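Reader: I am new to this structure. Please show me how to read its features.

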Amino acid sequence: MQTKLHALTRTPAPSIANCELTHLQREPIDYAKAVAQHQLYCQALTNLGIKVTTLFHNDFADGVFVEDPAIVLDEVALITRPGAASRMDEVPTLATELARFREVKQMTPPATLEGGDVLCIGKKIFIGHSSRTNQSGIEQLKQIAKPLGYEINVGDVQHCLHLKTGCSYIGDDTILINPQWIDRDLFHNFQILEIDPSEPFAANAIFANDQILYSTSFPRTLERMEGLGFEANTVDNSELLKAESGLSCMSLIFKS
């Protein structure tokens, strides 16, 4: 019997044009197009068999990237302290919503940690040490997760925003990775599929209900995946990519 999954999302705000950018040059964002793409994204999650709850944007410029302010494990939800101070106002509404599903714990200063730096594969948790996630944040997550039986693995994030900007789990014990940004050795017990070098942002994907959701923006890497037998459902997030977005950062997916 397939586990029922739930996803929290948040609509893009009109202020998304003022979002935080770290590794990209700012480009104009067509707000109407971003909203339309987000709606198609939520429908794509629904098509994977996931129940989607969409929160109001509250004019949070980065609020659509709902994954970052929380880590949701099977046993508990951890409200993080985003590494970008501008995002702290997103936390209360998300904590209130997650309290419907899990016991909620709060990360405390001086910790910073963003969900984009946390990749959970069963009882293995991979954490990226990045410009948004510091050592204190890593230690606080360890203190919560280890007693629950999780194995913690930590690696450095280079030249990109988050761990999951540079790698994703796509099923069949396989990691899709940009080896220029994430060290392959972090995943030494997994099969490795490298992205096409011409598509550096192509390593982000969602794996849920034994299915892959992937961006239409990276056809060469998609061809590599398909050549190895991986089938992917695709969605266009090209406008949201201008906000340094990956597919995974726009939802918090967890067992109901």
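Reader: Which residues does Ser248 touch, not counting residues up to four places away in sequence?

Author: Contact means heavy atoms within 4.5 Å. By that rule, Ser248 touches Glu67, Lys164, Asn204, Ala205 and Ile206. This is a predicted model, where local features need pLDDT of at least 70 and side-chain atom pairs count only at pLDDT 80 or more, while totals for chains, interfaces and linings use all residues. Residues are numbered from 1 along each chain as its sequence is written, and side-chain values use heavy atoms, with hydrogens and water left out.

Reader: Is Ser248 buried or exposed?

Author: Buried means under 20% relative accessible area, exposed over 50%, and partly exposed in between (1.4 Å probe, protein chains only). Ser248 has 8%, so this residue is buried.

Reader: Where is Arg224 found?

Author: Helices are DSSP runs of H or I with at least four residues, and strands are runs of E with at least two, numbered from the N terminus. Arg224 belongs to helix α5, residues 219–227. At a relative accessible area of 34%, Arg224 is partly exposed.

Reader: Which residues is Arg224 in contact with, leaving aside its neighbours within four places in sequence?

Author: They are Glu194, Ile195, Asp196 and Pro197. The C-alpha atoms of Arg224 and Glu194 are separated by 8.6 Å, although the two residues are 30 apart along the chain.

Reader: How many helices and strands are in the chain?

Author: The chain contains six helices and 15 strands. Of its 256 residues, 55% are buried.
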